[in-house]
Amino acid sequence: ELLGARLLAPSTMAGTSTLHALPRLEDTAVLERLAAAMDDAEYPPVWRERMTPHGRIVRGADEYGDAFWIAFTDPEGRVVGKPAYDDNTKLRVRGPYLLTTADAEENARLYDIRTGTLLWEAPTYSATVFWPCPTP
């Protein structure tokens, strides 16, 4: 069950980040792999990253903070899945899942960090967050 206890289990990586709060990605090998995975898309000049136990979340944006891209790499830095356009600015991690939302907490997307797969999308939902962790 997607919204079962496994998804909601406590995680040391839980919390919210914004794009500009993430550190810049400096690993040139990973940057080259991202460029190759982008195909014909315009390559963002700034990539930022957030490491998790399940892989790396990588966000790309132009110098104005527009044209957001999201990509995922495994722990060895190989790109998993295909980089996708995602203009949401808030990132929430719970276990192997990433929830992205916009400033108004709408246009939610849920990704599997391990595979880079978009699992769920709700463009009209608002105030989308992970449910509180169950108490033992």
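In this predicted model, helix 2 is followed by Asp39. The phi angle of Asp39 is positive, near 55°. At the start of helix 2 stands another aspartate contact: a side-chain oxygen of Asp27 comes to within 3.0 Å of the backbone nitrogen of Ala29.

Helix 2 spans residues 28-37. Its buried residues are Val30, Leu34 and Ala37. Viewed down the helix axis, these buried residues fall within an arc of 65°, so they line one face of helix 2. Thr28, Glu32 and Ala36 are exposed on the other side of the helix.

The relative accessibility of Thr52 is 9%, and the cut-off for a buried residue is under 20%. Thr52 therefore counts as buried. Its side chain takes part in two polar contacts with the backbone. A polar atom of the Thr52 side chain lies 3.0 Å from the backbone nitrogen of His54. The side chain of Thr52 also reaches the backbone oxygen of Gly55, at 2.7 Å.

A nonpolar patch occurs on the surface. Leu119, Trp120 and Tyr125 form this patch. Together they have about 290 Å² of accessible area. Tyr125 is located in the segment after strand 9 (117-122). The relative accessibility of Tyr125 is 47%, so this residue counts as partly exposed.

Definitions and conventions:
Residues numbered from 1 in each chain as written. Predicted model: local features only at pLDDT ≥ 70, side-chain atom pairs only at ≥ 80, totals over all residues. Heavy atoms only, no water. Buried < 20%, exposed > 50% of the residue type's maximum accessible area, 1.4 Å probe, protein only. Helix = DSSP H or I, 4+ residues; strand = E, 2+ residues; numbered from the N terminus. Arc of directions from axis to C-beta. Polar contact = N/O pair within 3.5 Å; in protein donor to acceptor, adjacent residues only side chain to side chain. Patch = residues over 30% accessible without salt bridge, like charges linked within 9 Å, V, L, I, M, F, W, Y side chains within 5 Å. Areas by Shrake-Rupley, 256 points an atom, 1.4 Å probe, with all protein chains shown as cover. Salt bridge = Lys/Arg side-chain N within 4 Å of Asp/Glu carboxyl O.
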